[in-house]
Amino acid sequence: AKLPKKFEKNRFNENICERNAPLQHHNQVLVEPLLFLNEYWTVMGDERRALAYSKAAATIKCLPFTVTTLTELDDLKGLGSGHCLKVIQETLERGHCQEVIVKRDSMKFQSLKILSSVYGIGPSLALKLHSNHGVSSVQDILKLWNQLALADERIKVGVTYYADLSTPVSCTLAKKIKGIVEYELSIIKDDFRIEIAGGFRRGKKNGHDVDILITYTTDGEEKGILSSLMKHLNHKGYILHWRLEKSSFDEEAVFTRSPDQISVMDHFEKSFCVFKCPLQGNEIPETERTIRIDVNEPFPSQEQRNWRAIRVDLIMVPKSQWAYALLGWTGSKLFMRMLRHYSNAHLQKTLNSHGLWDKRENKLIPAESEEDVFKNLGLSYKDPSHRNF
Ligand code: DGT
Ligand code: MG
């Protein structure tokens, strides 16, 4: 096979954490069916299969050339079982993959995809609603609202603002939200640092939510600020719904109790919000939103309103954990998974959004910046724009 001279297969295989995954890559056509199958199995509740496709897609994204024949992929790590390769081969040969076309049309998949896209509904509840109650759409949830007796307050919010919450959030709106939070914080207490993390920090133009990290200059200064901030934001009418999660960080619990368990959830104090984001004239979309739902409250029509609902996560971070938190919340999820696995398996260290724990020395390894974290992991620094695994 004719590979570009510069592509070194051994180096590519050596440590997958050293690969670069940019947003724009050379193999969009091949990655698309793999990402679809990742979505398909996520929605169908088979995380293990979903992960295999996500890893294969990530491997292809990192290739510095456009794949034309299957042999160019021989011996590449990360392409998984033969099935991913079959999907790739068929796409190379026919320009599409039949399995994707069939699965895309599956009624069950389409229903579960819609249901699990509602804020507050995960894949398992979606499956239950579909199998036990024949629910297939957001309208169905409304029709059966009393009968379903969904206890989670978030679902009501998710259904009420479904149209807004399923519309991608632009970078401009994300920055506007950041500006609002920044202003209110400056009234409460100065000397904070605020950063948009998540997909936006990796250079994505759109996102499904806005992930905002906040810290102060020394540990402890952040205490009590998030509750104050929520009071201010509520008072100004910026909040449609929020759920505060108290900090549950405890070094013992987070790092030593089950050091081999790769933990994803973190223990920061955070607020999961639905913002009522004010819009300028030119930001109000021309198209009528298709679904508008009233559960209890009357919901003003599109013409009347100059705001939209946006999902925002506010995360309060103690200064000493900032670098690890920023890395963790910048993602991507798969990149963080790769880093945690590498750290655990090759370095005997546990990585999470709070820090890096040396299991042999039983101590935390401090970091001031993301650059420090990469150094602590023995890896070269990777710009956020190359973390789109
Ligand atoms: P998006 O919002 O669809 O454009 O995509 P992302 O990449 O912003 O994904 P998102 O918002 O689900 O999560 C942002 C990053 O933060 C992601 O890489 C994983 C991480 N993350 C999300 N939720 C949690 C959490 O509860 N704990 C921890 N440690 N990390 C989280
Ligand atoms: Mg996000």
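The model is predicted.

**Exercise 1.** Determine the strand order and the pairing sense of the sheet that contains β8, β9 and β10.

*Solution.* The sheet is open and has 3 strands, ordered β8-β9-β10, with antiparallel pairing. Its edges are β8 (349-352) and β10 (363-365), each of which pairs on one side only. On average, neighbouring strands are turned by 30° against each other, direction ignored. Within the sheet, 4 bridges link β8 to β9 (residues 355-358) in the antiparallel sense, and lysine 349 faces aspartate 358 of β9. Helix α17 (residues 333-347) packs on this sheet and touches β8 and β9; the direction of α17 makes about 165° with that of β8.

**Exercise 2.** Describe the sheet that contains β2, β4, β7, β6 and β5, and explain why one side of β2 and of β5 has no neighbour in the sheet.

*Solution.* The order of this open sheet of 5 strands is β2-β4-β7-β6-β5, and the pairing is mixed. Because β2 (192-196) and β5 (239-245) are edge strands with a single partner strand each, one side of each lacks a neighbour in the sheet. The twist from one strand to the next averages 20°. Antiparallel β2 and β4 (residues 210-216) are joined by 5 bridges, with isoleucine 196 opposite isoleucine 212 in β4. Helix α14 (residues 225-235) lies across β4, β5, β6 (269-278) and β7 (307-316), at about 170° to β5.

Methods. Residues numbered from 1 in each chain as written. Chains lettered and ligands numbered in written order. Predicted model: local features only at pLDDT ≥ 70, side-chain atom pairs only at ≥ 80, totals over all residues. Heavy atoms only, no water. Pairing = 2+ DSSP bridges. Helix = DSSP H or I, 4+ residues; strand = E, 2+ residues; numbered from the N terminus. Axes fitted to C-alpha atoms, helices over the stretch in contact; angles between N-to-C directions. Contact = heavy atoms within 4.5 Å.
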